[in-house]
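Subject: Structure for your review

Dear colleague,

Please find below the structure that I am handing over to you.

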Amino acid sequence: VQLQAFGGGLVQAGGSLRLSCAASGRTFSAYVMGWFRQAPGKEREFVSAINWSSSTTSYAESVKGRFTISRDNAKNSVYLQMNSLKPEDTAVYYCATGGKPFGTVVPGVANYGMDYWGKGTLVTVSS
């Protein structure tokens with residue numbers, strides 16, 4: 001099983017980036033998919049999650065209103081549209097999936113028992 005995130009890069013504050021994550025090795029259409037990030041010198045933190053049907057999402061307070069998560073089950077992929085980027089968004093971004101089949105995503109909840117983690121993609125926001 002592999003998850004690969006891509007789409008990171010260098011962007012100026014106020015700019016946008018779209019991250020993508022493709023999963024291979026098995027189908028994750030029935031599972032929660034999400035994004036996490038780790039800034040230099042800090043612990044990994046939750047960014048966003050989406051349930052299997054895309055009917056429910058959850059966001060960290062720090063990105064709410066600026067980031068949008070989406071998924072395409074036919075492509076076994078999850079995406080993160082990041083707008084109005086700030087220097088504090090600089091981090092390595094990781095996609096993840098797992099938990100129970102058809103698990104619930106609750107707004108404001110960050111822990112979904114992710115089992116599979118991808119290699120990250122670096123996002124750098126300059127001021």
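A contact here means that heavy atoms lie within 4.5 Å. With that in mind, consider the contacts in the chain between residues at least 6 apart in sequence: 61% of them join residues at least 24 apart. Please note that this is a predicted model.

Overall form

The chain contains 0 helices and 11 strands, so its elements, read from the N terminus, are β-β-β-β-β-β-β-β-β-β-β. Its C-alpha atoms fill a box of roughly 40 × 25 × 25 Å along the principal axes. For 127 residues, a compact globule would have a radius of gyration near 14 Å, and the 13 Å found for the chain agrees with this. Of the 127 residues, 45% are buried.

The open sheet

An open sheet is formed by 4 strands in the order E1-E3-E8-E7, with antiparallel pairing. At its edges are strand E1 (2–6) and strand E7 (67–72), each of which pairs on one side only. On average, neighbouring strands of this sheet are turned by 15 degrees against each other, direction ignored. Strand E1 and strand E3 (residues 17–24) are paired in the antiparallel sense over 5 bridges. As an example of a bridge, Leu-3 has Ala-23 in E3 as its partner.

The disulfide

The structure holds 1 disulfide. The bond joins Cys-21 to Cys-95, with an S to S distance of 2.0 Å. Cys-21 belongs to strand E3 and Cys-95 to strand E9, so the pair ties together parts that are 74 residues apart in sequence. The torsion about the S-S bond of Cys-21 and Cys-95 is about 55 degrees, and the disulfide is therefore right-handed. Are these two cysteines, Cys-21 and Cys-95, buried or exposed? Both Cys-21 and Cys-95 are buried.

The nonpolar core

How many residues does the largest nonpolar core have? This core has 37 residues, and those with the most contacts inside it are Trp-35, Phe-67, Val-78, Leu-80, Met-82 and Tyr-93. At least two core residues come from each of the following strands: E1, E3, E4 (32–38), E5 (45–50), E7, E8 (77–82), E9 (91–98) and E11 (121–126).

Yours sincerely,

A colleague

Technical notes. Residues are numbered from 1 along each chain as its sequence is written. This is a predicted model: local features need pLDDT of at least 70, side-chain atom pairs count only at pLDDT 80 or more; totals for chains, interfaces and linings use all residues. Side-chain values use heavy atoms; hydrogens and water are left out. Two strands pair if DSSP finds at least two bridges between them. Axes are lines fitted to C-alpha atoms, for helices over the stretch in contact, and angles run from 0 to 180 degrees between N-to-C directions. A nonpolar core is a set of buried Ala, Val, Leu, Ile, Met, Phe, Trp, Tyr and Cys residues joined through side-chain atoms within 4.5 Å. Buried means under 20% relative accessible area, exposed over 50%, partly exposed in between (1.4 Å probe, protein chains only). A disulfide is a pair of cysteine sulfur atoms within 2.5 Å. The radius of gyration is taken over C-alpha atoms; the globule rule is 2.2 Å times the number of residues to the power 0.38.
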